[in-house]
Amino acid sequence: MILQRTIQNEVSTVGVGLHTGEKVKIILCPASEGHGVVFQRDDITGQPKITVNPQAVTETKLCSTLGTKDFSIATVEHLMSALSATGVDNILVRLDGSEIPIMDGSAISFIHLIKSAVIIEQTKEKEFVVINDVIEIVDGDKFARFEPYKGFLVDFTIDFPHPAFKSNDSQVSIDFFKDSYIDEISRARTFGFMQEVEYLRSNGLARGGSLENAIVLDEYKILNEDGLRYKDEFVRHKILDAIGDLYILGYPIIGKFIAHKSGHDLNNRLLRELIKNRDKWKVTSLSIDDIDRHNLSSFLKINEELNRSTQKNLQ
Ligand SMILES: [Zn+2]
C-alpha cells in the first residue's frame, strides 16, 4: 500500500511575510496518521489551530488565507505546494505571526526545509481523491476545471497584456508522472507589477515585497537584474500556486487540472464545487502497483528525486 507520510524531525526557519513585512518564525512538526496539515498560531493566547480544508479559506485576493473569525494565516500556498510535492500528509505548522514567510518567492526553500526534516512513511494508507467526471468553474473568460486522468496533470494558461509576457510562453502543461516538480516548478517566483506594488504599499500590503522575493515588472520590462529563472516563469509560478491551493483539499488529486487565467479565488471555488458534487469523485487508497497503473506522479518518488535535485543544486 502507499502509506501516509510525515516528517521525522522538527525544523524551523525565519522569514518575512510578503504582505505584512513582519518577521515570522515557522516551525514544522511531525504529526500522527490522519492528522492532516494543520496550522497553529503560537503568538495568540490558546494557540488556535486550523486544519486545511476548502471552507477554511477566508480570503483569496492576493494570496490564499486560512482562518476563522478570530485569527488568520495568510500566504499558505507556496508551503502547501511544497507539502503536496513532497507527499506529506500529516504535519503541524506552527508560526508566531499572521503570514507564512515568503522566502525567495518560490517553493524551493520549503522543499529544502521539508527535506532537512526527513520525510518518513507511516503505517496507515494514504488516501487520494480520484476525479471521475468533469467539475468546472467558469467566470467570464476565466475557468478552472478537473477532468478524469490517470495521474496528475496541470495545464495552465495566463494572459497578461504586458510586453514581458510573450504569447508563446503563456501556456504550460506538466504531467507529474514524467516531469519533476523540483526541476520544472519549485523555483518559479511570485510576480507583481510596480504600479500595483505602490498601490498595495499605500494600503499597508506588499510591505515585505522586494526584488529578493518577487519578479517585479514596470510598464515595459522585468526589473530584476538577473532576469527570469525559467523563460516562462510566470505561468510556472501560477502552476506552483495552483498545486498549493488544490492541496488545501486535504488529499492529493488523481486527475487533470486545466486552468485559464485562474488564481487563488477560482482554484478555491473549484474545490468547493468538487465538494458539492460528491458523485464525481471518490476517495481511495492505492497499492504500489497502482503507481504505474495510475501514472502516479513524481510526488511519490520524492525522496529519491529530492536527493538527486539537492545534489544537483549543491554542485
Ligand atoms: Zn504564489
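Which three strands form an open sheet, and in what order? The order is β6-β7-β8, and the pairing is antiparallel. β6 (57–59) and β8 (72–73) stand at the edges with a single partner strand each, so one side of each has no neighbour in the sheet. β6 and strand β7 (residues 65–67) share two antiparallel bridges. In that pairing, V57 has L66 of β7 as its bridge partner.

This is a predicted model: local features need pLDDT of at least 70, side-chain atom pairs count only at pLDDT 80 or more, and totals for chains, interfaces and linings use all residues. Residues are numbered from 1 along each chain as its sequence is written.

Some terms come first. Helices (H or I, at least four residues) and strands (E, at least two) are DSSP runs, numbered from the N terminus. Two strands pair if DSSP finds at least two bridges between them. A residue is buried if 20 or more other C-beta atoms lie within 10 Å of its own, exposed if 12 or fewer, and partly exposed in between; C-beta atoms are placed from the backbone.

**Domains**

The chain is divided into domain 1 (3–125) and domain 2 (128–314). These bounds come from an automatic or database domain assignment. The domain centres, taken over C-alpha atoms, are separated by 17 Å. In all, 35 residues of domain 1 are in contact with 37 residues of domain 2. Contact means that two C-beta atoms, placed from the backbone, lie within 7 Å.

On the side of domain 1 that touches domain 2, α1 (77–85), α2 and β10 each supply at least two residues. The largest share, seven residues, comes from α1. That side divides into 16 nonpolar, 15 polar and four charged residues. Here Ala, Val, Leu, Ile, Met, Phe, Trp, Tyr, Cys and Pro count as nonpolar, Asp, Glu, Lys and Arg as charged, and the others, Gly among them, as polar.

**The largest nonpolar core**

A nonpolar core is a set of buried Ala, Val, Leu, Ile, Met, Phe, Trp, Tyr and Cys residues joined through C-beta atoms within 7 Å. The largest one has 82 residues, and L83, I91, I114 and I239 touch the most other members. Helix α5 (residues 233–247) gives the largest share of this core, eight residues. Domain 1 (3–125) and domain 2 (128–314) both give residues to the core, so it lies between them.

Take L83. Leaving aside neighbours within four places in sequence, L83 is in contact with V37, V88, I91, I114 and Y247.

**Helices**

15 of the 15 residues of α5 are buried, so α5 is largely enclosed by the rest of the structure. At 1.5 Å a residue, its 15 residues should span 21 Å, and the end C-alpha atoms are 21 Å apart, which agrees. The expected span is 1.5 Å times one less than the number of residues.

Helix α2 (residues 108–117) is mostly covered, with seven of its 10 residues buried. Those buried residues are I108, S109, F110, I111, I114, K115 and A117. V118 follows α2 and has a positive phi, near 65°.

Helix α4 (residues 194–202) is hardly covered: among its nine residues, the count of buried ones is zero. Just after α4, G204 takes a positive phi of about 80°.

**Strand pairs**

Strands of a sheet pair through backbone hydrogen bonds, either parallel or antiparallel. Three further pairings are set out here.

| Strand | Partner | Bridges | Sense |
|---|---|---|---|
| β1 (residues 3–7) | β10 (residues 119–125) | four | antiparallel |
| β14 (residues 152–157) | β18 (residues 253–260) | six | parallel |
| β14 (residues 152–157) | β15 (residues 171–175) | five | antiparallel |

Four of the five residues of β1 are buried, so β1 is largely enclosed by the rest of the structure. Its residue T6 has I120 of β10 as bridge partner. V154 stands opposite F257 in β18. In β15, the bridge partner of V154 is I174.

**A loop residue**

I222 lies in the loop between β17 (215–217) and α5. Is I222 buried or partly exposed? With 19 C-beta neighbours inside 10 Å, I222 counts as partly exposed. Not counting residues up to four places away in sequence, I222 touches A164, I215, L217, G227 and L228. M194 is 28 residues from I222 along the chain, and their C-alpha atoms are separated by 9.8 Å.
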